[in-house]
Amino acid sequence: MTIQSSVWLGTASLPRYQALDADQETDVVVVGGGLIGLTTALHLQQEGVGVVLLEGGRIATRTSGNTTGKVTSQHGAVYAGLLDRHGRDKAQQYAAANQEAVDEVDAIARRLGIDCELSRGPSYVYSTGDLRDEAEAARELGLPAQLADPLEMGLPLSAASAVRFDNQLLLHPARYLAGLASAFTGAGGRIFERTRVTELNAEGDGVEARTESGRRVVARHAVAATLLPFGTLGGYFARTRPNQSHGIAVKLPVQAPTAMTISAEAPTRSTRPWPGGGPNGLIVVGADHETGGQEDTNASYQSLVDWVDQLWGTKVQPEYRWSAEDYSTADQLPYVGKAPGSPVLVATGMHKWGLSNGTVAAGILRDLVLGRSNRWSDVFDAGRIGDARSVAKLVQDNLKVGKEFAAGHLRRLLGPGLDHVEVGEGGLFDLDGTTVGAYRDQGGTLHTVVPVCTHLGCPLRWNQGDSTWDCNCHGSRFAPDGAVLDGPATSPLEKPDQRNGKRG
Ligand SMILES: Cc1cc2nc3c(=O)[nH]c(=O)nc-3n(C[C@H](O)[C@H](O)[C@H](O)COP(=O)(O)OP(=O)(O)OC[C@H]3O[C@@H](n4cnc5c(N)ncnc54)[C@H](O)[C@@H]3O)c2cc1C
Ligand code: FES
């Protein structure tokens, strides 16, 4: 049977923390317990700055705990493009920042004694075309890159060219994050889980975080490390796109390739060894699509299985399968720093390379709080989104988009009435002339929601492969009972009886 969980979350024991039940005062409030929030919080606490970290769900369980676990400066075949688009200085900063992050993650894990399956090895990007320009650009930018024979990868496929980056890093991301959290609390930091922040407002010289349950944390600085800044903070929701990838962990009939590999062209196929699966264990991640943009996400998982079956002439049954999302920016560079028109520091748009980009981001955020300069703040500048006034206009223009969009998009009904919703089935149904979202769980309980995103009102799509409600506008995801899984939304979905004004 395939377990619906990342292989990492399925094999890590994460510490648990209480929900916030009293107002707090601190130096810095960090919102979000993924890689960026935890690394930033740890850095600051170790510098003697008091930090309270607020996590809406459980730490490490969203995107960071669902990665491929590659810590590498090889972000696909991006360097020829970055050089061309941003010029030598910026491309070199991006390259150097990420290459240093590989060593930094390794050093942090070793210093803290985190048992997270660290291993070093080559990473390859391969193509059906010619990657000589990519190899040359990466070398020119100072990266440990070489044009390589695709046969070196050990993948049974034919590629015309490949670029190898030497000495890159693999880890077990959930164990790494659990280790960061323990080190942070060990240094005096405080973590509160199941504590969703709904607002970050200026308060005197500082910032006040307000939570869903009405608690407040007042701090001198606030960091939103929430994958995408939530609500309309900074207008980043309108300048990024959410993209979901799928992953499987399988045991091959033969020894798995030991190198990391990734295809340069779509459909993306990213592989790495799966140590927990023994010598034949392989992880494959890819089948990307915009969040909420795919009709049948089971087909996305199947496409990864088919790829393995075809390459190795076998019929594998994945032991784990999972998906997660990340955000991309139009110019390929993340946004890290102060959000325009707000006192809040943000980090977003990691382009599915947030283990390295996010480690760089945490260093920038720490230095901004401490008033130090940082070598990489320029290339990741969060202010390039525009000034406060243009961001306010961007937000205003977007506020009406969702609701207008929703009006014409809730018509794809599976059938009238809810009685015949099968176990495991979900979608849009007609209930007395009203469209509702419904899902019957494995225990037979029917969950109904208003299938309209609580961020800006876009219609939601049922994701049958992951049993979630997904929003294609800006990437919010909700559980079958309507609870927020991923922002920018901060409120759960309404229940049909709430909207009709009836009592449940
Ligand atoms: C399938 C996949 C594979 C990937 N593989 C790799 C890889 O191999 N290497 C690599 O470098 N990168 C990889 N990435 C990218 C990388 O995982 C992300 O860029 C990175 O994890 C982002 O970290 P984060 O801390 O910003 O986000 P998250 O890990 O999502 O953390 C954000 C946290 O904020 C919390 N939160 C959100 N809103 C609120 C709120 N309002 N109040 C309180 N808490 C809130 C969430 O619950 C969550 O825990 C991958 C991405 C995907 C999707
Ligand atoms: S995430 Fe913005 S409307 Fe859904």
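This is a predicted model: local features need pLDDT of at least 70, side-chain atom pairs count only at pLDDT 80 or more; totals for chains, interfaces and linings use all residues.
Local features need pLDDT of at least 70, side-chain atom pairs count only at pLDDT 80 or more, and totals for chains, interfaces and linings use all residues. Residues are numbered from 1 along each chain as its sequence is written, and side-chain values use heavy atoms, with hydrogens and water left out.

Helices α2 (residues 79–112) and α3 (residues 132–140) have axes that come within 10 Å and cross at roughly 10°. This makes α2 roughly parallel to α3 (an angle under 35 degrees). Helices are DSSP runs of H or I with at least four residues, and strands are E runs of at least two. On the α2 side, Tyr79, Ala80, Leu83, Arg88 and Gln92 make the contact (heavy atoms within 4.5 Å). Their partners in α3 are Asp133, Glu134, Ala137, Ala138 and Glu140. By class, this contact has five nonpolar, one polar and four charged residues.

The whole structure holds one cavity of 30 Å³ or more. A cavity is a set of points on a 1 Å grid where a 1.4 Å probe fits but cannot get out, and lining residues have an atom within 4 Å of a point. The volume of the largest cavity is about 40 Å³. Its lining consists of Gln244, His289, Gly292, Gly293, Gln294, Thr297, Arg461, Trp462, Asn463 and Asp470. One is nonpolar, seven are polar and two are charged. Strand β23 (residues 460–463) gives the largest share, three residues. The largest cavity lies between domain 2 (70–174 + 241–323) and domain 3 (405–499), because both give residues to its lining.

Conventions: Chains are lettered from A and ligands numbered from 1 in the order in which they are written. Axes are lines fitted to C-alpha atoms, for helices over the stretch in contact, and angles run from 0 to 180 degrees between N-to-C directions. Angles under 35 degrees count as roughly parallel, over 145 as roughly antiparallel, 65 to 115 as roughly perpendicular and the rest as oblique. Ala, Val, Leu, Ile, Met, Phe, Trp, Tyr, Cys and Pro count as nonpolar, Asp, Glu, Lys and Arg as charged, and the others, Gly among them, as polar. On a 1 Å grid over the protein atoms alone, a cavity is a set of points where a 1.4 Å probe fits but cannot get out, and a pocket is an open set with protein on both sides within 12 Å along at least five of seven lines; lining residues have an atom within 4 Å of a point. Grid points are joined across faces, edges and corners, and a volume is the space filled by probe spheres set on the points. Domain bounds come from an automatic or database domain assignment.
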